[in-house]
Amino acid sequence: MKTLNILLDKLDDYIPSLNVSNLEVSSANIGWQIDHCLIVVNRVSNQLKVSNHNDYNWKFNFVRTLIFTLKTIKRGKVNAPAVALPDGEITIESLKQKIQIAKKNCEEIALIHKNCFFVHPYFGDLNVKQTQKFLLLHTNHHLKIIKDILKK
């Protein structure tokens with residue numbers, strides 16, 4: 001998960017701008033974007049770690065195949081599930097702490113069985129390799145939003 005660690009470092013670079021927003025780009029500010037990414041990385045990682053690799057069941061999923069092939073997530077088409085939404089105050093300290101947890105999770109999931117998995121609401125069961133790909137796509141998606149918020 002070396003590449004995800006690079007993206008986590010990029011998220012970390014944007015933390016000082018956490019209160020910047022641009023309603024033309026997103027109703028959420030940069031802090032929300034960062035927090036959401038970290039919640040997803042950490043919760044998904046935890047699901048991988050507690051899953052039973054014997055229960056993994058690969059099935060063809062057209063949406064997953066399309067998104068993974070195009071390597072992009074279209075903006076405004078999907079709302080994050082409630083479990084992945086930030087709640088409470090977003091601070092520099094809370095984001096820094098979540099980044100450290102995310103980096104530790106990346107190290108740990110690189111060592112687990114390849115068929116440990118989590119169930120994505122649109123993509124179905126994602127094993128470790130697919131999950132890593134999803135986390136890269138998802139984090140890149142929000143980094144692009146952050147860059148656009150700062151551009152305008």
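1. Basis. The model is predicted: local features need pLDDT of at least 70, side-chain atom pairs count only at pLDDT 80 or more, and totals for chains, interfaces and linings use all residues. Residues are numbered from 1 along each chain as its sequence is written, and side-chain values use heavy atoms, with hydrogens and water left out. Helices (H or I, at least four residues) and strands (E, at least two) are DSSP runs, numbered from the N terminus.

2. Helices α1 and α2. Helix α1 covers residues 2-14 and helix α2 residues 30-50; they pack at an angle of about 150°, with their axes 10 Å apart. Axes here are lines fitted to C-alpha atoms, for helices over the stretch in contact, and angles run from 0 to 180 degrees between N-to-C directions. The angle makes α1 roughly antiparallel to α2 (under 35 degrees counts as roughly parallel, over 145 as roughly antiparallel, 65 to 115 as roughly perpendicular, the rest as oblique).

3. Residues between α1 and α2. On the α1 side the contact (heavy atoms within 4.5 Å) is made by Leu4, Leu8, Leu11 and Tyr14, and on the α2 side by Ile30, Ile34, Cys37, Leu38 and Val41. Sorted by class, this contact of α1 with α2 has nine nonpolar, no polar and no charged residues. In this sorting, Ala, Val, Leu, Ile, Met, Phe, Trp, Tyr, Cys and Pro count as nonpolar, Asp, Glu, Lys and Arg as charged, and the others, Gly among them, as polar.

4. Helices α2 and α5. The axes of α2 and α5 come within 9 Å and cross at roughly 175°, which makes α2 roughly antiparallel to α5. Residues of α2 in the contact include Trp32, Val40, Val44 and Leu48, and those of α5 include Val128, Phe134, Ile145 and Leu150. By class, the contact of α2 with α5 has 15 nonpolar, six polar and no charged residues.

5. Aromatic pairs. Rings of Phe, Tyr and Trp (its six-membered ring) pair if their centres lie within 6.5 Å; planes under 30 degrees apart count as stacked, over 60 as edge-to-face and the rest as tilted. The count by this rule is four aromatic pairs. In one of them, Phe68 and Phe123 have ring centres 5.6 Å apart and planes at 75°, so the pair is edge-to-face. Phe68 belongs to helix α3 (residues 62-70) and Phe123 to the loop between β1 (117-120) and β2 (124-127), so that the pair links parts of the chain 55 residues apart.

6. Phe118 is in strand β1 and Phe134 in helix α5 (residues 128-151), 16 residues apart. Phe118 is buried at 8% relative accessibility, and Phe134 is buried at 6% (buried means under 20% relative accessible area, exposed over 50%, partly exposed in between, with a 1.4 Å probe and protein chains only). Phe68 and Phe123 are both buried too. Phe68, Phe118, Phe123 and Phe134 form one aromatic cluster.

7. Two loop residues. Lys71, in the loop between α3 and α4 (92-109), has a positive phi, near 55°. Most residues other than glycine have a negative phi. With 61% relative accessibility, Lys71 is exposed. Ala110 lies in the loop between α4 and β1 and is partly exposed at 47%. Ala110 and Lys2 are 108 residues apart in sequence, while their C-alpha atoms are 9.5 Å apart in space.
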